[in-house]
Amino acid sequence: RSSTPRRAGTAPLAGPGPEPGPTPGTVLWVMASANFVGVCFARTLHYQFYSWYFHHLPALLWATPLPTWARLAAFGAIEWVWSRFPPSAEASAVLAAAHGAVLVGLFLGPRAAGRGKPAAKGE
């Protein structure tokens with residue numbers, strides 16, 4: 001026990017310290033996936049929206065349990081749709097399907113692909 005008196009209103013340290021905050025990677029993941037979900041459920045799409053998530057799309061795709069060929073197909077389909085002008089019903093259907101595949105993959109997450117942390121005993 002320390003003989004140094006504590007100032008009023010201070011508590012002794014109880015443990016190793018405060019829990020660490022989110023990592024920069026976690027913050028980026030949350031922002032990129034939230035942005036992608038917002039684009040997926042937007043009522044209308046404008047070409048500028050693609051610039052909002054294009055740079056995150058490879059990271060989002062590789063965070064899914066989809067096989068590599070499906071990731072590349074989704075990326076190619078999304079690129080094809082956004083490169084078309086004027087928009088068509090066919091392109092909208094392809095975009096909805098590709099976005100849906102990525103969204104389901106993000107929902108399933110890396111654990112479904114066996115890349116996550118192993119489950120604790122009893123889970």
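Which residues do ring pairs link into a cluster? I began with this, noting that the model is predicted: local features need pLDDT of at least 70, side-chain atom pairs count only at pLDDT 80 or more, and totals for chains, interfaces and linings use all residues. Residues are numbered from 1 along each chain as its sequence is written, and side-chain values use heavy atoms, with hydrogens and water left out.

**Entry 1: rings.** I looked up the cluster and found Phe36, Tyr47, Tyr50, Tyr53, Phe54, Phe75, Trp82 and Phe85 linked by ring pairs. Rings of Phe, Tyr and Trp (its six-membered ring) pair if their centres lie within 6.5 Å; planes under 30 degrees apart count as stacked, over 60 as edge-to-face and the rest as tilted. The structure holds 8 aromatic pairs. For Phe36 and Tyr53 I noted ring centres 5.6 Å apart and planes at 65 degrees, so this pair is edge-to-face. The pair links distant parts of the chain, with Phe36 in helix H1 and Tyr53 in helix H2, 17 residues apart. Helices here are DSSP runs (H or I, at least four residues), numbered from the N terminus. Both Phe36 and Tyr53 are buried, where buried means under 20% relative accessible area, exposed over 50%, and partly exposed in between (1.4 Å probe, protein chains only). I then took Tyr50 and Phe54: their centres are 5.2 Å apart and their planes at 70 degrees, so they too are edge-to-face. Tyr50 is buried at 11%, whereas Phe54 is partly exposed at 29%.

**Entry 2: contacts.** I listed contacts (heavy atoms within 4.5 Å). Not counting residues up to four places away in sequence, Tyr53 touches Asn35, Phe36, Val39, Ile78, Trp82, Leu95 and His99. His99 lies in helix H5 and is buried at 5% relative accessible area. With the sequence neighbours up to four places away again not counted, His99 touches Phe36, Val39, Cys40, Tyr53 and Ile78.

Entry 3: Is Phe49 buried or exposed? I found Phe49 in helix H2, and at 11% relative accessibility Phe49 counts as buried. Phe107 is found in helix H5, and at 73% relative accessibility Phe107 counts as exposed.

Terms used
Helices (H or I, at least four residues) and strands (E, at least two) are DSSP runs, numbered from the N terminus.
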